[in-house]
Amino acid sequence: MSKRERESYDALSAINQIKQGKKRNFDETLDLGCRLNIGSSKTKSDQNGIRGSIEMPFGTGKKVKIAVFCADADKFNEIKNAGADYVGAEDLVDEFKSGSISCDVCLASPDAMMMLAKISKILGPKKLMPSPKSGTVGTNLVELVKSFKKGKVVYKSDASGSLHAGIGKLSFASEDLLANLHALLEDIMSKAPSSNKVVFVKELFVSSTMGEGSCLLDKKSLAVKTGDVK
């Protein structure tokens, strides 16, 4: 374990440490990792973990491919013009079945959710299954597409209570990355189960796509309360 993984840093210093340690020739993504105190409670909300989505104040710098499932064919052109890469209904389901489509985000209208049951085992493991809780299901698909193209991020904790999400490119100004970090963390904190408000965030760290190691964050230095800072 490196020195920077043993010691904790204020968020801005941690971001700068990762930026200074960049060794790759491409613009890596800065990732926020969280270890959350969830999963141990017997309440249903805790067992399911947390999920959500947020539009980053300074975007993510990532070009995302978006697939949209919509039952109303009359809206297809409008959705495509908003920036969607793929739009369809049962035909789009068949394309996912055949493996001919690759995307970063799947969106759906509420009336299209039934057809997605056929490919839930394809979308689920890839974390692409649309869900109202993650903000990927809605009636205004045009605005949803625009929001994700601008830099909306979907996050979801895993069975162990860990959560990871990209917060921008290393080429971003450190202050912009910090603003994105605070925005994401504040949204995560808003999902804290009511039964577990005291120690919700166990640990926070930042790392880059292919960087060596990570930087542990000093939670007391954050502008966002993590629930266990006294």
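Buried means under 20% relative accessible area, exposed over 50%, and partly exposed in between, with a 1.4 Å probe and protein chains only. Helices (H or I, at least four residues) and strands (E, at least two) are DSSP runs, numbered from the N terminus.

This is a predicted model: local features need pLDDT of at least 70, side-chain atom pairs count only at pLDDT 80 or more, and totals for chains, interfaces and linings use all residues. Residues are numbered from 1 along each chain as its sequence is written, and side-chain values use heavy atoms, with hydrogens and water left out.

β6 pairs with β4, residues 66–69, in the parallel sense over 4 bridges; pairing requires at least two bridges found by DSSP. In that pair, F69 stands opposite A108 of β6.

Now the core. The largest nonpolar core holds 36 residues, and L32, L36, L184, I188, F200 and V206 have the most contacts inside it. Such a core is a set of buried Ala, Val, Leu, Ile, Met, Phe, Trp, Tyr and Cys residues joined through side-chain atoms within 4.5 Å. Elements giving two or more residues to this core include β2 (29–36) and β9 (201–208), while α8 gives the most, with 8 residues.

What is L36 in contact with, leaving aside its neighbours within four places in sequence? Its partners, with contact meaning heavy atoms within 4.5 Å, are I50, S157, G161, L163, I188, F200, V201 and K202.
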